[in-house]
Amino acid sequence: MELREKAYAKLNLGLDVLRRMDDGYHEVLTVMQSVSLCDEIRLKLAGGETITASTNLKYLPKGEKNMAVRAALLFFERTGLPVRGGEIEIDKSIPVGAGMAGGSSDAAAVLRALNRAFQAGLSRPELEALALELGSDVPFCVTGGTVLCRGRGEIMTDLPPMPKCWAVICKPPFSISTPELFSIINCGKIKIRPDMDGIIKGIERGDLAQIARRIYNVLEDFLPPQYSEVKVIKSKLIDLGALGASMTGTGSAVYGLFDSQDAARSAYDALKTQYRECLLAVTTEKLGLN
Ligand code: C5P
């Protein structure tokens with residue numbers, strides 16, 4: 001049996017951190033948006049009970065440290081279906097350690113593909129509950145689209161699709177660890193916050209400029225000095241004509257939003273000469289589960 005599924009990247013349109021919760025996680029308020037940039041997943045299920053992952057990036061884990069493997073094992077465990085061993089081949093295009101939910105999206109894609117292929121009949125809320133056991137961003141990745149996310153990210157309210165636009169995404173030559181960045185933030189010291197109400201209104205009105213002007217990620221203010229390239233890339237994107245620019249998630253990738261493909265392409269061409277991991281993507285809408 002061979003299954004194929006695409007795993008789409010996400011961007012955070014505004015990211016606010018409200019408080020540190022008793023369980024150590026942080027309560028966030030953010031709009032997550034899927035984009036066309038994706039990993040390609042191929043599940044080759046044969047027999048046995050062992051599931052392994054292989055990717056075009058040799059340094060990624062092959063066993064249960066890989067979220068895609070964990071997702072498959074969790075699916076079989078919770079549905080009670082007999083484990084079908086095999087290999088999950090992942091062709092990675094989403095930068096790793098970038099704040100774009102690469103691993104989370106791979107895991108969600110595995111849940112979607114298995115649910116469909118084995119006709120397990122898990123509903124969207126059921127899949128999202130399973131997804132949360134794998135990580136905070138995985139529930140959003142189950143269907144993606146344009147979603148207001150609260151709590152750890154799992155309390156989700158669907159928003160209308162944001163107006164179609166292009167994102168130039170640029171990752172500096174370092175990754176930022178999510179737990180590490182969350183461990184150094186101090187919610188009492190956040191001076192500027194994104195205008196989340198304005199972002200949501202912009203989405204409801206289909207006003208890209210209103211959204212782009214308001215995107216801001218509070219985590220940027222806590223970046224240690226060795227990550228200063230994040231701010232440099234942001235300025236470059238604005239200079240190159242982006243309507244707004246921000247770090248996504250816990251970084252290190254930065255994106256700029258453009259209302260025309262040509263303008264985005266010119267900015268991409270300019271940045272590509274300076275940064276190896278530079279990508280061009282368009283916003284995408286929510287996926288169906290069937
Ligand atoms: O949920 P996930 O495994 O992606 O989170 C990784 C780490 O990031 C958590 O262990 C936690 O330290 C931090 N985190 C957080 N608040 C969130 C999401 C993640 O503090 N909302």
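Is Arg19 buried, partly exposed or exposed? Select Arg19 and take a look: this residue is partly exposed, with a relative accessible area of 41%. Keep in mind on this tour that you're looking at a predicted model.

**Stop 1**

**Stop 2**

Now select Arg42 and Glu2. Here's another salt bridge between side chains, this one at 3.7 Å from N to O. Colour strand β1 (residues 2-20) and strand β2 (residues 26-45): Glu2 sits in β1 and Arg42 in β2, so the pair ties together parts that are 40 residues apart in sequence.

**Stop 2: a pair away from the surface**

Next, pick Glu220 and Lys234. Their side chains form a salt bridge at 2.6 Å, N to O. Glu220 is in the loop between α7 (208-214) and α8, while Lys234 belongs to helix α8; the two are 14 residues apart, and the pair links distant parts of the chain. Are these two buried or exposed? Glu220 is buried, with a relative accessible area of 3%. Lys234 has 19% relative accessibility, so it counts as buried, because the cut-off is under 20%.

**Stop 3: a network**

Select Glu2, Arg4, Arg42, Lys44 and Glu89 together. Salt bridges with shared partners join these residues into one network. In the whole model, the count of salt bridges comes to 21.

**Stop 4: helix α9**

Finish by selecting residues 261-272, which make up helix α9. This helix has 12 residues and reaches 16 Å from its first C-alpha to its last, close to the 16 Å expected at 1.5 Å a residue. Which residues of α9 are buried? They are Ala264, Ala267, Tyr268 and Leu271. Turn the view until you're looking down the axis of α9: the buried residues fall within an arc of 105 degrees, so they line one face of the helix. Here's some background for that spacing: an α-helix has 3.6 residues a turn, so residues three or four places apart point the same way.

What covers the buried residues of α9? Show β7 (166-171), α8 (229-239), β9 (254-258) and β10 (277-282), which are among the elements covering them.

Notes: Residues numbered from 1 in each chain as written. Predicted model: local features only at pLDDT ≥ 70, side-chain atom pairs only at ≥ 80, totals over all residues. Heavy atoms only, no water. Helix = DSSP H or I, 4+ residues; strand = E, 2+ residues; numbered from the N terminus. Expected span 1.5 Å × (residues − 1). Buried < 20%, exposed > 50% of the residue type's maximum accessible area, 1.4 Å probe, protein only. Arc of directions from axis to C-beta. Contact = heavy atoms within 4.5 Å. Salt bridge = Lys/Arg side-chain N within 4 Å of Asp/Glu carboxyl O.
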